[in-house]
Amino acid sequence: MNALSRRALLATSLAFGLGAGAAQAADLKVGLSVSLSGPNSSLGVPYSKGMQAAVAYKPEINGRKVQLIVLDDNSDPTTAGRNARKLIEEEKVDVIMGTSGVPAAIAMAQVAAETSTPFIGLTPIALKGKELDWTVTVAQPTQLMVDAVVDRMKKANTKTVAYIGFSDAWGDLVYDALMQATQKAGIKVVTNERYARADQSVTGQVLKIIATHPDAVMTGGAGTPGALPYITLAERGYKGPIYGQHGLINADFVRVGGQAAAGTQVPTGPIIVAEQLPDGYPTKKVSMDFRNVFQKVNNAPTTDAFSAYSFDGYLVFADAAARAMAATKTEPGTPAFRVALRDAIMTTKEVVGVHGVYNFKKGDLYGVDERARVIVKLENGQWKLVP
Amino acid sequence: MTWDVALILGIDGMANGSVYLLAGLGLVLIFSVTRVVFVPFGDVAAFSALSLAAFETGKQPATIGLVLTLAALATIAEVVSLVRRGEAAGIPKAILGWGVLPALPCALAWLVAGRQLPHVVFILAAILLVVPITPLVARLALQPIADASTLVLLIASLALHFLLSGLGLLFFGPEGSRTAPLAEGSLSIGGFSVSGQVLLMVGAAIVLSGLFFLAFERTAVGKALRATAVNRVGARLVGIRPARTALLAYTFASVLAGFIGVLVAPATTMYYDSGFLIGLKAFVAAIIGGLVSYPLTALGALAVGIVESFGSFWSGALKDVIVFSLLIPVLMLRSAMTKHPEEEVEEIDQ
């Protein structure tokens, strides 16, 4: 230990010893509300781990320490909204982030707009009007992802595609994106079959799909229930290509889908196949850093896309906070700083994360472009990059 | 719709229907003997499926801990009630019956978990492991209020469902599992192939319901169950103990649930909460049977399976609506056919 750091240590311990030392600058506070329990905990737990890794990766911004406060929303939108209020009013955080599930994220965005606090969403989200002023999200919009799939279909000379998806908002979202993309590409969508997450069988729907003899099938499911159409299509002898979307990037989907899901092509953020990316890929270096720091903090490798969204959310915040503090001289913990931070987030330029490169502007929730998606193929239970 | 499609849908419906049939039999059995609509029935089936999946992946199923905890609680409850009644002599027997007996399948499960054994051993262990769950939860939650009104019993059983499915989420996580197929290959009938799994499901339903029929018609235990179902007070008068028959009914139903779990797990992805939907559809079948008739319940179960299968072809999104709206004509018919009694008098036997 050299003299300088020893003195720094002494100074900090003194400052802590004397309580809030008058000269001590306020820490930056990040509030995270995620689902650590309840049905969404398979997403929420990685979100939280990714955020821990991010804070370990950049524990200080412009010499200010960052404090992370994590609350559990029990996978419940109402609790998510209450958590957001608690973080802002009691903990006086500078930014809130969260959470799994669109309704819960919307609840947080509403509180953010009401209390004038920046909100960085970690999931896709749908907002209108005033709430847009305080919210951005690091997730890729569904349209961007589905466009990439339809691109592949066009390259494979597909003329007709059958659709089967969840009978809920996710199924609708993927279907709408598919319709929009295929219209431009001149591909015909021949079915719109739906099933519920808890369904035992999709034989009826699959028979209808096979009756239309489509060139390809697109699925709009997520997680393990997303594997059901794959298994039934294989059982019924369907041989054509099957495409999916990023909801299927999940170890349990691979486990349950087994041989039936082999060869499916889905879009995803580049972090999933970081090692396989070409060296010049913009997100490769940060991705490898993320892998390392995550391994160090959590003693386990990353296997999911969710922890990576947290990491990116934090990087966007860190970049904006550095600029806000340098430009406006406002103190963290004050309303003035929150406004400055918001303005800085809304002018984010080329911040390189692990899921993509972020450029935010006011009135637009999403900040990623084509660099935030790659197409991967399931081979022998592993996702392989398809260039 | 061509004949091919209709045939495939029909067979798929039969396979689902045979699962609902077994579940329906279990529901009717429990209801007729105890007046409890046993909502957690499906959860027990899901536990058996997920325990089997855990065995297959070489893990200890968390069900072991659940059974042991329930057994400990039930033993305590039993011992306390014996002491209160001044029948301390019965304590060793209570410990043996409520504590040691349920622990046996746990020991078996603990022994086979994580080993390379034939698949059939795992299936057996999974079924045996869930058998104590129903009698134990019933002893803890339902037996103390056995004489309450049907509505109170229903509410208690609904609460049990939420408890068990919550525990299921805790034990097995939110993602589902699928187990290895029980029967490989397929059978070709007139140029049309039926998978072995479907044959097995239908076959198991036929064999198990046949065994049920024989047990009810030919054995003293079956007759005691029927007697309790017909009239609890009367059965008591001729020396049948309702608590004992209820315990038997719960155990039989638990065995059925265990079979359902291992039968559906290879054909569909099972989640911690997928048992509820199976139970709900079996309930529709049981309602068609008026919650008393086994043959009508069996027919109703097949009808539910087939309507579900065709419904999913016509409109995947509205499939469940179509299945549950089956209830409306059935209830109207039943209501028109029965003579309404003046006022139903609850028989209370203290």
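A: Chain A is divided into domain 1 (28-140 + 286-371) and domain 2 (142-268), the bounds coming from an automatic or database domain assignment. Taken over C-alpha atoms, the centres of these two domains of chain A lie 31 Å apart. The model is predicted: local features need pLDDT of at least 70 and side-chain atom pairs count only at pLDDT 80 or more, while totals for chains, interfaces and linings use all residues. Residues are numbered from 1 along each chain as its sequence is written, chains are lettered from A and ligands numbered from 1 in the order in which they are written, and side-chain values use heavy atoms, with hydrogens and water left out.

The mean pLDDT (the predictor's confidence in each residue, from 0 to 100) of chain A is 87, with 94% of the residues scoring at least 70. Over residues 8-23 of chain A, however, pLDDT stays under 50, and the model has two contacts beyond four places in sequence for that stretch.

At the interface, 26 residues of chain A and 28 residues of chain B take part in the contact, where contact means heavy atoms within 4.5 Å. Chains A and B bury about 2,200 Å² between them, 52% of it on carbon and sulfur atoms; buried area is the accessible area (1.4 Å probe) that two parts lose on being put together, summed over both.

One salt bridge is found across this interface, defined as a side-chain nitrogen of Lys or Arg within 4 Å of a carboxyl oxygen of Asp or Glu. Lys319(B) and Asp199(A) form a salt bridge whose closest N and O atoms are 2.9 Å apart. Eight residue pairs are in polar contact between chain A and chain B, both residues being at pLDDT 80 or more. A polar contact is a pair of N or O atoms within 3.5 Å; within protein, one must be able to donate a hydrogen and the other to accept it, and residues adjacent in sequence count only if both atoms are side-chain atoms.

Asp320(B) belongs to helix 14 (residues 319-325) of chain B; helices (H or I, at least four residues) and strands (E, at least two) are DSSP runs numbered from the N terminus. Leaving aside neighbours within four places in sequence, Asp320(B) touches Asp199(A), Leu277(B) and Lys281(B). The side chains of Asp320(B) and Lys281(B) are joined by a polar contact of 3.1 Å.
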